[in-house]
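Ready for a few exercises on pockets, packing and aromatic pairs? Have a look at the model below, try each task yourself, and then follow the solution step by step.

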Amino acid sequence: AVSNKVDHYTWDVGGMGVTLKRDVDKTLEGKKIQANMFNGGEGVVNPNAIYAPTDNDHFGKQKTNNEVFKNKRSQMYAILRNRVYNTYMAVIHGIRVVDPDELISFSSEIECWTQLRAELCRLPLVDNNNGLIQIMSKKDMIKPPLSIPSPNLADSVMMTMDIPIKRNIRKESASPPRIKMVGRRR
């Protein structure tokens with residue numbers, strides 16, 4: 001983070017990650033880098049905000065982020081999914097997304113692209129008695145019959161969707177793809 005002169009540094013504080021707080025603080029001391037401890041198990045961001053708000057009254061009562069997602073990890077994976085979908089619609093179908101900040105780009109020079117793609121595509125969901133979107137825990141993923149190793153690369157990308165409140169750069173997230181038909185490429 002320091003050598004690449006980043007503005008923002010996020011790390012997973014789940015499990016033993018919390019023990020890095022002092023080291024991160026010392027390393028970033030005097031640097032203009034904002035540190036963010038990511039805890040996927042904590043509550044969702046903006047819990048009372050309407051998820052995917054719409055002006056259409058056909059839906060009746062719209063659900064809040066708290067009524068849609070089990071935890072922050074599930075919410076951030078939904079945001080990542082929406083960005084990938086928006087980018088796909090823009091690049092493959094020539095449909096421009098209303099907000100370019102709702103897109104994502106992956107470098108063609110990523111050396112571990114095959115592994116990253118595999119991890120992003122195989123995240124299992126968990127049936128939830130409350131009807132919430134929930135990503136299976138790493139602890140459960142590794143158990144048979146799935147025996148899926150921890151999606152460390154996917155989690156690294158997912159954590160970049162979390163913008164700390166201090167900066168509040170992005171407006172409310174976790175909305176479904178917002179597509180506006182502007183024109184099609186032929």
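**Exercise 1. Describe the largest pocket: its volume, its lining and the helices that supply it.**

Step 1. The volume of the largest pocket is about 680 Å³. A pocket here is an open set of points on a 1 Å grid over the protein atoms alone, where a 1.4 Å probe fits and protein lies on both sides within 12 Å along at least five of seven lines. Grid points are joined across faces, edges and corners, and the volume is the space filled by probe spheres set on them.

Step 2. Its lining holds 25 residues, and Leu80, Arg81, Asn82, Val84 and Tyr85 lie nearest the centre. Lining residues have an atom within 4 Å of a point.

Step 3. Helices H3 (72-93) and H4 (113-121) each give at least two residues to this lining, and H3 gives the most, with twelve. Helices (H or I, at least four residues) and strands (E, at least two) are DSSP runs, numbered from the N terminus.

Step 4. Sorted by class, the lining has 18 nonpolar, four polar and three charged residues. Nonpolar covers Ala, Val, Leu, Ile, Met, Phe, Trp, Tyr, Cys and Pro; charged covers Asp, Glu, Lys and Arg; the others, Gly among them, are polar.

A note on the model: it is predicted, so local features need pLDDT of at least 70 and side-chain atom pairs pLDDT 80 or more, while totals for chains, interfaces and linings use all residues. Residues are numbered from 1 along each chain as its sequence is written, and side-chain values use heavy atoms, leaving out hydrogens and water.

**Exercise 2. Work out the class make-up of the second largest pocket's lining, and which helix gives the most to it.**

Step 1. The second largest pocket has about 310 Å³ of space. Among its 20 lining residues, Asp12, Gly40, Gly41, Arg73 and Lys138 are the closest to the centre.

Step 2. H3 and helix H6 (152-159) each supply at least two lining residues, and H6 gives the most, with three.

Step 3. The lining divides into four nonpolar, eleven polar and five charged residues.

**Exercise 3. Place H6 in the fold and find what its buried residues pack against.**

Step 1. Start with the chain, which has six helices and two strands in the order β-α-β-α-α-α-α-α from the N terminus.

Step 2. Of its 186 residues, 34% are buried, that is, under 20% relative accessible area with a 1.4 Å probe, protein chains only (exposed is over 50%, partly exposed in between).

Step 3. The buried residues of H6 include Ala154, Asp155, Val157, Met158 and Met159. The buried part of H6 packs against strand S1 (8-12), S2, H3, H4 and helix H5 (138-141).

**Exercise 4. How many aromatic pairs does a search of the whole structure find?**

Step 1. The search finds three. Rings of Phe, Tyr and Trp (its six-membered ring) pair if their centres lie within 6.5 Å; planes under 30 degrees apart are stacked, over 60 edge-to-face, and the rest tilted.

Step 2. Tyr51 and Phe69 are edge-to-face, at 5.3 Å centre to centre and 85 degrees between planes. Tyr51 sits in the loop between strand S2 (34-38) and helix H2 (65-68), and Phe69, 18 residues away, in the loop between H2 and H3. Phe69 is buried because its relative accessibility is 1%.

Step 3. The ring centres of Phe106 and Trp113 are 5.4 Å apart with planes at 55 degrees, so this pair is tilted. Phe106 is partly exposed at 27%, as is Trp113 at 35%.

Terms used
Contact = heavy atoms within 4.5 Å.
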